[in-house]
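Here is a short report on one protein chain. Keep the structure in view as you read.

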Amino acid sequence: MIKHIAMFSFLEESNGKTKYDNLKIAKNIMDELPSKIPQIKHWLTGINQSNSPKSFDIVIDSEFEPYDDLETYKVHPAHLEFVDFLNTCRDKTHVVDFEF
């Protein structure tokens with residue numbers, strides 16, 4: 001199994017919306033991806049609740065098997081649409097992919 005974790009920080013304002021509005025949109029898009037991409041074995045998303053300056057705003061915790069399924073996910077049209085949205089409102093991204 002491959003664990004794929006992605007964390008995003010968002011701009012305070014973009015697309016004419018607040019950070020929180022864009023986070024809600026992102027979470028809705030993220031929560032729909034498992035129904036569109038059958039290679040996803042596990043999927044959990046969440047908006048940060050901490051006020052720590054080290055925190056990111058939203059996270060994806062996902063699993064794929066085999067590794068090729070993660071590569072398929074990365075180029076899937078539904079994922080690419082999500083990335084297009086992210087590109088309009090995110091500030092930073094950190095990703096970790098590891099085998100377990």
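## The fold

Helices (H or I, at least four residues) and strands (E, at least two) are DSSP runs, numbered from the N terminus. With that in hand, the protein chain reads β-β-β-α-β-β-α-α-β along the sequence. That comes to three helices and six strands. The radius of gyration is 13 Å, close to the 13 Å that the globule rule gives for 100 residues, so the protein chain is as compact as a globular protein of that length. Here the radius is taken over C-alpha atoms, and the rule is 2.2 Å times the number of residues to the power 0.38.

This is a predicted model: local features need pLDDT of at least 70, side-chain atom pairs count only at pLDDT 80 or more, and totals for chains, interfaces and linings use all residues. Residues are numbered from 1 along each chain as its sequence is written, and side-chain values use heavy atoms, with hydrogens and water left out.

## The whole chain

Along its principal axes, the C-alpha trace spans about 40 × 30 × 15 Å. Of the 100 residues, 37% are buried. Buried means under 20% relative accessible area, exposed means over 50%, and partly exposed lies in between (1.4 Å probe, protein chains only). The chain exposes about 5900 Å², and carbon and sulfur atoms supply 53% of it. These areas come from the Shrake-Rupley method with a 1.4 Å probe; for residues, only the protein chains shown count as cover.

A contact means heavy atoms within 4.5 Å. Take the contacts with a separation of 6 or more: residues 24 or more positions apart account for 69% of them. Now the charges. The chain has 11 positive and 17 negative side chains, and the centres of the two sets lie 5 Å apart. Lys and Arg count as positive, Asp and Glu as negative; His and the chain ends are not counted. Each charge is placed at NZ of Lys, CZ of Arg, CG of Asp or CD of Glu.

Start with Phe-8, which sits in strand β1. Phe-8 is buried, with a relative accessible area of 4%. The list is Phe-56, Asp-57, Ile-58, Ile-60, Phe-82, Leu-86, Arg-90, Lys-92 and Thr-93. Thr-93 is 85 residues away along the chain from Phe-8, yet their C-alpha atoms are separated by 4.6 Å.

Phe-10 is also in strand β1 (residues 2–10). Is Phe-10 buried or exposed? At 4% relative accessibility, Phe-10 counts as buried. Beyond four places in sequence, Phe-10 touches residues including Lys-19, Asn-22, Leu-23, Ala-26 and Cys-89. Its list also holds Asp-57, Ile-58, Leu-86 and Arg-90. His-42 is 32 residues from Phe-10 along the chain, and the two C-alpha atoms are separated by 24 Å.

Ser-14 belongs to strand β2 (residues 13–14). Ser-14 has a relative accessible area of 8%, so it is buried. Apart from neighbours within four places in sequence, Ser-14 is in contact with Asn-22, Thr-88 and Cys-89. A polar atom of the Ser-14 side chain lies 3.4 Å from the backbone oxygen of Thr-88.

Asn-15 is partly exposed, at 40% relative accessibility. Look at the backbone too. Asn-15 is not a glycine, although its phi is positive, at about 55°.

## Ser-50 and its loop

Where is Ser-50? Ser-50 lies in the loop between β4 (42–47) and β5. With a relative accessible area of 37%, Ser-50 is partly exposed. The side chains of Ser-50 and Ser-55 make a polar contact (3.3 Å). A polar contact is a pair of N or O atoms within 3.5 Å; within protein, one must be able to donate a hydrogen and the other to accept it, and residues adjacent in sequence count only if both atoms are side-chain atoms. Thr-88 is 38 residues from Ser-50 along the chain, and their C-alpha atoms are separated by 24 Å.

## From Pro-66 into α2

Pro-66 is in the loop between β5 (58–64) and α2 (67–75). Which kind of peptide bond joins Glu-65 and Pro-66? The bond is cis, with omega about 0°.

Asp-69 is part of helix α2. Asp-69 is buried, with a relative accessible area of 15%.
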